[in-house]
Amino acid sequence: MTGTTAARTYRDYSQPLWRRLLISREAAVIGALALVIIVSMMSVRAFAQPITITYLFLDIAPILLIALPMTLVIITGEIDLSVASIVGLSSVTVGVLHQNGMPIPAAALVALLVGLIAGAINGALITIVGLPSLAVTIGTLALYRGLAVGLLGTTAVTEFNKFWTDLAKSKIGDTAIPSVVILIVVLALVFGILLHFTTFGRGIFAIGLSPEAARFSGVNVERTKFILFMLSGIVSALAGIYYTLRFGSARGDNATGLELSVIAAVLLGGVSIFGGRGALPGVLAGVLLIGTLASALRLANVTSDVINVITGTLLIASVVGTSFLAWLRSKRGRPGGTKGSSPTATG
Amino acid sequence: MSNSTQPSAPTLELSRIAKTFGSVVALTNGTLALHPGSIHALVGENGAGKSTLVKIIAGLYQRDGGDFTLEGTTVDFTSTAQSKSAGIAVIYQEPTLFPDLSVTENIFMGRQPIKSLGRIDRKKMHTEALGLFERLGVRIDPDRPTQGLSIADQQIIEIAKAISLDAKVLVMDEPTAALSGVEVERLFAVARSLRDEGRALLFISHRFEEVFDLCDTVTIMRDGAYISTSPIAETTVDEIVRQMVGRDVASLFPKIDAPIGDEVLVVSGLTEPGEFHDINFSVRAGEIVALAGLVGAGRSEIARAIFGVDPYKTGTVTINGTRIPKRNPAAAMNLGLALVPEDRRRQGLVLESSVAKNATLAIRSALAKFGFITSAVENASARTWANKLEVKASALDTEVGTLSGGNQQKVVLAKWLATNPSLLIVDEPTRGIDVGTKAEVHRLLSELAVEGLAIIMISSELPEVLGMADRVLVVHEGRITAEIDRADATAESVMFAATHAEVAS
Amino acid sequence: ATGCAATGGDSGGDGDGNLAITFLPKNLGNAYFDTSDAGGEEAIAEFGGTYAEVGPATGSPDGQVSYINTLTQQGVGAIALSANDPSALCDAIGEARDAGVKVVTFDADTSPDCRDLFINQADSEGIAKVQVDLIAEQIGDAGQIAILSATANATNQNAWIELMKTELAANHPDIELVEVVYGDDDDQTSFDKTAALLQTYPELKGIVSPTTVGISAAARYLQDSSFKGKVQLTGLGTPNQMRDFVNDGTVTAFALWNPGDLGYLAAYGAKALIEGDITGAEGDEFDAGKLGSYTVGADGVVLLGDPYTFNKDNIADFDF
Amino acid sequence: MKMLSKLIKARETGIMIALVLVVVVATARNPTFLFSPDGFRDLLLTPSILLLLAVGQAIVIITRSVDLSVGSVLGLTAYLTGRLFIDLPGIPIIAVFVIGIVFGGLLGLINGALVAFAKVPALVITLGTLYAYRGINVLWTGSDRINGSDLPSAFLSLGTSSLFGIPWLTIIALVVLVAAGWFLRTQRAGRELYAIGSDPEAANLYGLKVTQRVLVAFIFSGALAGLAGVLYAARYGTVSSQAGVNLELQAVGAAVIGGVAIFGGSGTVWGAAIGAFLLLTINRALPILGVQDFWQRAVVGVLIIGAIVLDRVLAVRQSRKLLEMRDES
Ligand SMILES: Nc1ncnc2c1ncn2[C@@H]1O[C@H](COP(=O)(O)OP(=O)(O)OP(=O)(O)O)[C@@H](O)[C@H]1O
Ligand SMILES: Nc1ncnc2c1ncn2[C@@H]1O[C@H](COP(=O)(O)OP(=O)(O)OP(=O)(O)O)[C@@H](O)[C@H]1O
Ligand SMILES: [Mg+2]
Ligand SMILES: [Mg+2]
């Protein structure tokens, strides 16, 4: 403009790269993960062997899968509590169809479709009717689980073709890494790029921080959320198929309670429950951290109750720690945490 | 009327207050003395540190250095509750209401009248609220929730809240920014009566006619530092502006005659029950059309409906001959429409996001290749536009929420100008913007018009409307009641149309 | 089933020495399994092995799979397992056995081909019959009854229920089984389901609950309701939990085997497998300490004995 | 007249109607649902414990937080109750109540302190303490179990006996409900809870004691969960380490069905209480309506969704009406 002459210069970032990386939440989680691995290798008998990796990934694959869309959903400021029920529903779908003679691939496709529909129902209630996602998915948590249990009743379908059940547990070549990791890596890349390097992803972050400003900027808030809930449904269904084949058993109560594990891992990975903040690498590290810790503790003959206490404490410690660090930083500058840390309306 | 002739001990005194936020220095020398029975103006450019000073007075921030005395004794407020109980009432620059609670509850929260057993006396509270509104001359239903109220109504509730406190010091940080003539007059009447009761008032505004109308003393700040204090009678607008900006400001309304081209936007029969009715008008390339009217007339709703964030029941909107679909801002943007919304903190900006992300949010599709986008691309584009509008920020990843109000507004303008629109709607484009920047925004709008941009400007400031518009459409209770050409537009003709339902046009 | 077993095999493969036996109940915090695992511990102490107990917090197959995997990694000698699912555990068990770990199931079995041995508390026909006989006797062999089971997927429960239906149809034509409800082995759910049953079927004469959690919850509801004495309750329970209800007349009689003996026998079965005394083939014979000697039946099943009926006269003699 | 129109517009009315409908239909199908001593008693008794949790939950949600740890707090207190009677024979019942409430309050205090001082979202914190408290419970309880025979019969009869046909448990729950409702409506502190939930930042600017109030809300929720734990022991007589598992979602569900906005600032404990009643009454009515056991959960899901959709539809209808009224004026 004409008023003044000197053009301003703007730095890209107020802090150098290494500092941003070092103080980031992701770095903390990855650091903790490395620490757990090193300490376990040194002090837990039978931990330092390839089979640990095999069992670890076989165990946490469903959580890793579902955490991907869940991250995106939570960044928009919503939540999906129905994922574990969709896992169950998908599992039962595969089981019932297979029992009635449908080959596994076809049954799996139908299960994915069921997951998509389940996600679309969530999405429609949230975006079209305008209901809070926490309430909606508490409802569909009961509904989808009820359908799953109702469809199969007391029975469990266990007659699966060995080819498929073996596939679910197979490993990549001669390595100890299960093949399902390939699926996870591919999907993680897809979701990572979607979140961090696309216009769609930019919209997701904007929605999480301020849905209204996002709408005023031409972000289709409703459509974005709708798509995310459908993705959540379909990936949960995928996890359900994996679950069924891995255990060779389709049951209505498969994966009960898994939603809380997924959410705990996502939050541990640094995603803000109020939306707008988070990154996928942190989430992946978060899931791996919980999984590795549990695996090491089990090997050390620690009972599952203690593992639960440790998981819970870790979750609390991580968020309290982050907020403590932020507070420390604010002590050396920014105002007393009146902004930023306090929740913003995510309606 | 002036109390400056009989100097008394200051009620509140600040001297050499310093405050930094991390690397940002907000105040180096905040100095101010408020006297009983006086209305003191505080003026300065955007980011001069006025609001920061206010927040220190309120106890929201704590000073890093300097002295703060209230009636002679040093005070260190650590919360707003303390300043409140010490007799200081503050109206913040941005309204801060509880959206789910009723208007009455908002006014009396935490100090509701009570009866036996500590029960809140709702009847009494209701009556007192009505009394306050009477005094301010407004009609707001005290029982409705504040959610959905216009910014102006919210501001009025803030004012009611502050004056009901019965405080010795009343601080008002741009209380009139969202108000128009009538309400401003009411507010001033109340302010004067408070002054006459011997209270000390601080008034912050970027509108000099208000400063000269209301205040008796003026303090000027620049870049976080005190410049001067003088009785209002002994200074002039030009003098103040020179001290504020550190140089002379050329014309405030640098309207350049632009060649008027083809019709760009045609609105016909637009109706949404409860909001607006049968709106018909068109805007041509190179033309600046102002929508004038009282606050609450429904101008913002019309703009939002055209842009597609709000629904409308009947009517059509076409741009360059193409019909804009309902409720689809993305489509409107693709067709060349841009809207700088009224509430920049909620609608204009993603406050907790960076300057770069905000400045490129509206053009993210254009910046992307096959839908993929990187920070590098965003930063490059943001840098260009931040430079064009001289946004005061050191790095592009600065959180927009930490910028001063004026600089926030510049980021919003940058965001929308970057879309290269053919029609730009600006809703209160200069609200809360200092004179220097305001002149620049006006010049910018003028230049854009010359380049062939069609502009709709919604403004509650008459001088701005008269100075900038080629054509003035006056909105009254959701209907266009008059269309006045630049040549015929006067303060009287516009105000008359704005306050009367039927006007022969 | 996989080629990777060799890595974990070094610690578990060396045959007769490794008497590390780990009990893996359906879930932790369950009094029934506490008693059975304590029996196992007693046995293991007798023959000088290493006892351990691990398990998931809730009764889910996936939690058990994780533990089976862990035990495989650790290379224990044997796992004594009460299965949460007949087939979901099979692959994990397969890997464990490939790594040289012996697997004995007790209380709830997997498919016979997955594990080495199943220690059966009582044969299903016997369990079904004793409960049907009890309820028939208590309600005068006529009228409506209902069943309050554990989870809908519990293998043993479902098998018993099927057999009870057969038995009812064959020998008790005047008894009508109106509904089977599932209390999920949760106190509160079982309690509320009992209330719902009594509400729904005003003519109900009796309830059979073949699960220790269910029968005590149902008894607790009956004790304070107007149905006490009018609706009969029987099933499988532990004496400690049922003592009060038997003494005050809410429950006349119920049945169970001795869970401690069950765990004890499982431990000795595991020992026999580890030491190579038996392979789990039909006709194999092994010594089980204080319980004497047992023979493996068809499908690798070892039968503990007949269920025992508890009533007012004998309940004071038991403490578990 | 004004009272009546207010009543019709109230958010709670919709689900109250739903509740009445459920009771009427179930009773028409099987009169004993209502018209039998046990039927009437269970109608009131079954939801009472959830009602307490829902009231606490509603207060926390109103301040824009959430307390997912209530099920675990209930479990811990229920076991504590049993232990008290076993380890301190002859301890007065009232003392057990006080200890249970205080203990629950302490657990709530831990939640509240983490949320209020560390400024960490409540959902995260209480998800953590949900695991942690339950884990401690399992560690403490092991496979132990409190049996009815361990508890004094005077205490047990509290769980089932009645006064003038109304169960004691229900009376206690209703007293708490009325007190909480009164507090939220008529006390300054109660209104401040709404303000904080409506806009925490504004509350801070306003000088409200945000930290303190949030803390109190959590203590309250914890104390009510503690009370519910004591009553749980009285009602069910058996307490294992799994007592109260999964109750948190029911408590949140009851509050949300009852019209408490999940993002704070609006709703009442009355609504939450009706929500609790509706949720559990539906559960009890389904078998009577001939819905097979397996499908019941699905039906409950549909009904939860139905309730919130209905609530939403009514709200939209009403705001449209307000707009039309403005046009006419
Ligand atoms: N919380 C904060 N964190 C960081 N910087 C801040 C914060 N608040 C204010 N600042 C900075 O302090 C300076 C003074 O801001 P302030 O809001 O006081 O200006 P102002 O005079 O009120 O301007 P305006 O007229 O635009 O309202 C600005 O540079 C602003 O960016
Ligand atoms: N005809 C009407 N009668 C009563 N209230 C109305 C009417 N039209 C609009 N309002 C209300 O007035 C408020 C302000 O409307 P709006 O923001 O559109 O006004 P505006 O003219 O754009 O004012 P501003 O200068 O604040 O932007 C809104 O809450 C709207 O609901
Ligand atoms: Mg300011
Ligand atoms: Mg407006």
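Which residues do ring pairs link into a cluster? They are Phe23(C), Tyr32(C), Phe33(C), Tyr51(C), Phe106(C), Trp160(C) and Trp257(C). Rings of Phe, Tyr and Trp (for Trp, the six-membered ring) pair if their centres lie within 6.5 Å; planes under 30 degrees apart are called stacked, over 60 edge-to-face, and the rest tilted.

Before I go on, some ground rules. This is a predicted model, where local features need pLDDT of at least 70 and side-chain atom pairs count only at pLDDT 80 or more, while totals for chains, interfaces and linings use all residues. Residues are numbered from 1 along each chain as its sequence is written, chains are lettered from A and ligands numbered from 1 in the order in which they are written, and side-chain values use heavy atoms, with hydrogens and water left out.

Back to the rings. A pair of aromatic rings is described by the distance of the centres and the angle of the planes. Over all chains, a search of the whole structure finds 23 aromatic pairs. One of them is Phe47(C) with Tyr268(C), edge-to-face, at 5.1 Å centre to centre and 75° between the planes. This pair links distant parts of the chain: Phe47(C) is in helix H2 (residues 31-47) of chain C and Tyr268(C) in helix H10 (residues 259-274) of chain C, 221 residues apart. Helices (H or I, at least four residues) and strands (E, at least two) are DSSP runs, numbered from the N terminus. Phe47(C) and Tyr268(C) are both buried. Buried means under 20% relative accessible area, exposed means over 50%, and partly exposed is in between, with a 1.4 Å probe and protein chains only.

The rings of Phe191(C) and Tyr221(C) have planes at 80° and centres 5.4 Å apart, so this pair is edge-to-face. Phe191(C) comes from helix H7 (residues 187-200) of chain C and Tyr221(C) from helix H8 (residues 212-223) of chain C, 30 residues apart. Phe191(C) is buried at 1% relative accessible area, and Tyr221(C) is buried at 2%.

Next, charges over rings. A charge sits over a ring if NZ of Lys or CZ of Arg is within 6 Å of the ring centre and within 35 degrees of the ring normal. The charged end of Arg298(A) sits over the ring of Tyr67(C), 5.7 Å from its centre. In chain B, the charged end of Lys388(B) sits over the ring of Trp385(B), 4.1 Å from its centre.

Now the cysteines. A disulfide is a covalent bond between the sulfur atoms of two cysteines. Here the rule is a pair of cysteine sulfur atoms within 2.5 Å, and the count comes to 1 over all chains. Cys90(C) and Cys114(C) form the disulfide, with sulfur atoms 1.9 Å apart. The torsion about their S-S bond is about 65°, so the disulfide is right-handed. Cys90(C) lies in helix H4 (residues 90-98) of chain C and Cys114(C) in the loop between strand E4 (102-106) and strand E5 (117-120) of chain C, so the pair ties together parts that are 24 residues apart in sequence. Cys90(C) is buried at 18% relative accessibility, and Cys114(C) is buried at 8%.

One more residue of chain C: Ala88(C) lies in the loop between strand E3 (78-81) and H4. Ala88(C) is buried, with a relative accessible area of 3%. Ala88(C) and Thr110(C) are 22 residues apart in sequence and 8.6 Å apart in space, C-alpha to C-alpha.
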